[in-house]
Amino acid sequence: MNAQNLILSAPLDGTLLSIESSADPVFAQRLVGDGVVIEPSGVVLLAPCDGTISQLHDAGHAVAIKVTDDVELLMHIGIDTVTLKGIGFEPQVKIGQTVSQGQPLIEFSKSYIEEQGLSAQTVVLITSGQTVPNLTYPRLIAANKDELFALPLSQAKLSADTVASTDESSVSGEVIIKNPQGLHARPAAQLTAVAKRFNSVVILTIPGTERTSLATSVTGIMGLQTKLNTTLLVTATGADASAALSELIAAIEAGLGEDVNQTTQADDNEFPEEPPLLSLDDATGNSLKGVKAAPGIAVGTLEYRHKELPSFPEQGININDETAQLNYAVSQTKKSLQQLVEKLAQDKLATQAEVFSAHLELLEDPAIINTAHANIQQGLSAAAAWHRAYSAEVKTLAAVESPLLRARASDIEDVGYRVMCNLLGIDDQTQSVAKNTVLVMKDITPSEVVSLDRENVVGIITTGGGSTSHAAILAGSLNIPYLVNVSESITKQAAGTRVILNANKGTVVLNPSDEDVVAFNNLQQALRDQLAQAKLDANKPAITTDGTVIEVAANVGSVDDAIAAEQAGADGIGLVRSEFLYLDRVSEPSLEEQTKVYQGILSGIGAQRSCIIRTLDVGGDKPLAYLPMAAEENPFLGERGIRVGLNRPHILRKQVRAIMNAASAGKPRIMFPMIASLEEFRAAKQLVLEEQKLADVTAIEIGIMIEVPSAALLADQFAKEVDFFSIGTNDLTQYTLAMDRGHPKLAAQVDALHPAVLRLIATTAKASVAQGKWTGICGSIASDVSAVPILIGLGVTELSASIPMLALVKEKVRSLDLADCRRLAQAALSKGTAAEVRALLD
């Protein structure tokens, strides 16, 4: 770029055409700005010059570069490609990122776009008012080699800040966006065309956010990130402000050239809103259903707790004073969290303490702290600045698909709320409750769980939340029954209403009779007595009445777990979740570190007992911070489990070598997760055999997890090559039923006793027996004592359960006759629903 001209290089391989050649009339008529068209032969859009990414559409098909204060470019890939919702597009940059000429901006699938019947025709537009010089069309261009055109630099444009200095009166109005994809390029261009007909300056704002734009800027409008039903504030200032406001709102309501009136009022009247056909509410009206987050049963009375912050001023008084207030509140929050960590450590709750150590780290997160301080610099009060900063981060993370990241959103909200309490002088952690309280909340944070009065709170019910959240984990470790995603109708019950909370079965019985409560209390006592007796016999083998031996092993995730499993009477370890070594850290564990841990686990369970170590199982809901993985439309169907190791053999090889190095400490077995094909197993097994030969150790058994239907259906083929099967019923169930087990509306239906899942278990067990192999189960259903008879009857000979359930599972096995179990299993296979199977068990 020289003083007069900006030289743009070609951003794509292809054929250069005039803007009039665009298949989109909005572009062809220069409603967005002057520019050129490229019929692409390449599939990577490059930066045509240096600049800063000012906009990047959520659908990944359009990107804007701010070159100078006076020059901005928009590049739009395809016609109507916003409807693809990001599929086929992989942005390589982020908003605010500085880019250099030739740097990749977006990779896209031209073939996918065209398979959907759409054009991949790409436009490069100047949205800041300059015009394209006379060029020769058509001609071939090579990306980052040929010149696109030289752009004469123009005078500065009017900015949104200009409005702040005008003395003319303003008028405002709100309108709701009805465009299905929000205000993308085409409706944005139509909107600017209307705005340019008036002399008034028109500003568009998303209420409650800092997103604002001139109505005459296409890229600015796209940067508002509007969606269907977004509320838009329109403010017009100038002599014709009222007319401008009226016409702009009318144009937006009309759809800006898009059909936004697809449903008639008659249709609405004919098809009114109805409740879900598969409701969580029990048909009797006396019972509500939810999803188990932490096991247990309790009788108590309902008490409601609402987390509502008092009002606080938006504008600050003095930047220095507001900054000091925020710093003090953050320091006080750190102090209280540190005290909580120390108290938990004293109570021998080290795992829980780690959660709040992580919360201390969040208070150092620049994404929140720096944003809050920047908000204060913009004139906000300390409370408003902090609330906006952490709420924005929570909103971003809460929208992602990963349950792990959604759980982090809850952690940030927890920390953010603590700071707000200190800023506003309120203490939300000291609320006392009556004896035998079942607490009802919209959601509960980890710190609220550990701060509960555990002598009086006997259970937790939330209408939101997740069964895999930190709060759920903490409630389970503290033996507090916890049910999530209970119907909102529970909030209509009066405070003090007596309930029976059975988190094990996912039910809340409202207003039980005295007889029901007595029976329930008797059941609780019977269960306590049963557990006490089972623990006395925990070290005895699990042998059915007819002499069939069932191995009852433990699922572990640490050396301490292995030691606890041995003490609890485990016959071995059926699953080592080795990812505990890899998660929540900034670098991959070393060979030495892994070897030491595996030696500890093998020694902890005892050299005479077998120990199945599952190779790294990440991806999907378990990302690694130090292992960059491309964004996936559906992570659970992408690079997950063994696929990570197959695509990054050095990670798998290091782990296998560590297992070989530790082999002399016990009886390790190796198991691969998420195997879907024989090719995957053979490739992974070959790596193990190479390392085994290199280490010169005795042959180690190699098995696979059955977690996807393809593996179960091909079990007869796998059984010829594997040493054992272990069924991961959690994933097998969600993949068989096509239901996310963490989904707030579907999780209650994800039941491993569904007949379709049972048939896959039966198929797997039958195939293993035919080849002289064995089948175990390491999913959570192995810890469900009521399901044990069916599992044994299907041919399963090993159950790997949670440590607290080992004694009860063993006791159950000793009470069973194999022939009876087989008859029960056959009856279960003939049923049509999971409810019918559970009714059979009851």
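In this predicted model, the largest nonpolar core holds 95 residues. Seven of its members touch the most other members: F672, I704, F718, L758, I761, I777 and L799. Helix α18 gives the most to this core, with seven residues. Beyond its neighbours within four places in sequence, F672 contacts T615, I642, F681, A684, K685, V688, I702, G703, I704 and M705. A second core is separate and has 51 residues, among them L337, I368, A389 and L474. Nonpolar side chains tend to be buried together in soluble globular proteins.

The overall fold was summarised next. The protein chain has 842 residues, of which 50% count as buried. Its secondary structure comprises 27 helices and 33 strands. Among contacts in the chain with a separation of 6 or more, 70% join residues 24 or more positions apart.

Strand β31 spans residues 724–727. It pairs with strand β30 (residues 702–706) in the parallel sense, over four bridges. M705 has S726 of β31 as its bridge partner. Strand β31 also pairs with strand β32 (residues 774–777), again in the parallel sense and over four bridges. Here W774 of β32 is the bridge partner of F724. In a regular strand the side chains alternate between the two faces of the sheet. Both faces of β31 are covered. F724 and S726 are buried on one side, and F725 and I727 are buried on the other.

Aromatic pairs were then listed, and the structure holds three. A pair of aromatic rings is described by the distance of the centres and the angle of the planes. W386 and Y390 are both buried. Another pair is F724 with W774. Their ring centres are 4.9 Å apart and their planes lie at 5°, so the pair is stacked. F724 is in strand β31 and W774 in strand β32, so the pair ties together parts 50 residues apart in sequence. The ring of F724 also has a charge over it: the charged end of R669 sits 5.9 Å from the ring centre. F724 is thus the bridge partner of W774, and its ring is stacked with that of W774.

Charged pairs were considered last. Side chains of opposite charge can pair when their charged atoms come close. The structure holds 25 salt bridges. In one of them, D537 pairs with K540, with the closest N and O atoms 3.2 Å apart. K540 is partly exposed, at 46% relative accessibility. In another, R609 pairs with E566, and the closest N and O atoms are 3.8 Å apart. This pair links distant parts of the chain, 43 residues apart. R609 lies in the loop between α16 (591–605) and β28 (610–614), whereas E566 lies in helix α15 (residues 559–567). R609 is buried, with a relative accessible area of 18%. E566 counts as partly exposed, at 28% relative accessibility. The cut-off for buried is under 20%.

A further salt bridge joins E690 and R653, at 3.2 Å from N to O. It too links distant parts of the chain, 37 residues apart. E690 belongs to helix α19 (residues 678–695) and R653 to helix α18 (residues 649–662). E690 is partly exposed, with a relative accessible area of 36%. R653 is likewise partly exposed, at 27% relative accessibility.

How values were computed
Residues numbered from 1 in each chain as written. Predicted model: local features only at pLDDT ≥ 70, side-chain atom pairs only at ≥ 80, totals over all residues. Heavy atoms only, no water. Buried < 20%, exposed > 50% of the residue type's maximum accessible area, 1.4 Å probe, protein only. Helix = DSSP H or I, 4+ residues; strand = E, 2+ residues; numbered from the N terminus. Pairing = 2+ DSSP bridges. Salt bridge = Lys/Arg side-chain N within 4 Å of Asp/Glu carboxyl O. Phe/Tyr/Trp six-rings, centres within 6.5 Å; stacked < 30°, edge-to-face > 60°. Lys NZ or Arg CZ within 6 Å of the ring centre and 35° of its normal. Core = buried A, V, L, I, M, F, W, Y, C linked by side-chain atoms within 4.5 Å. Contact = heavy atoms within 4.5 Å.
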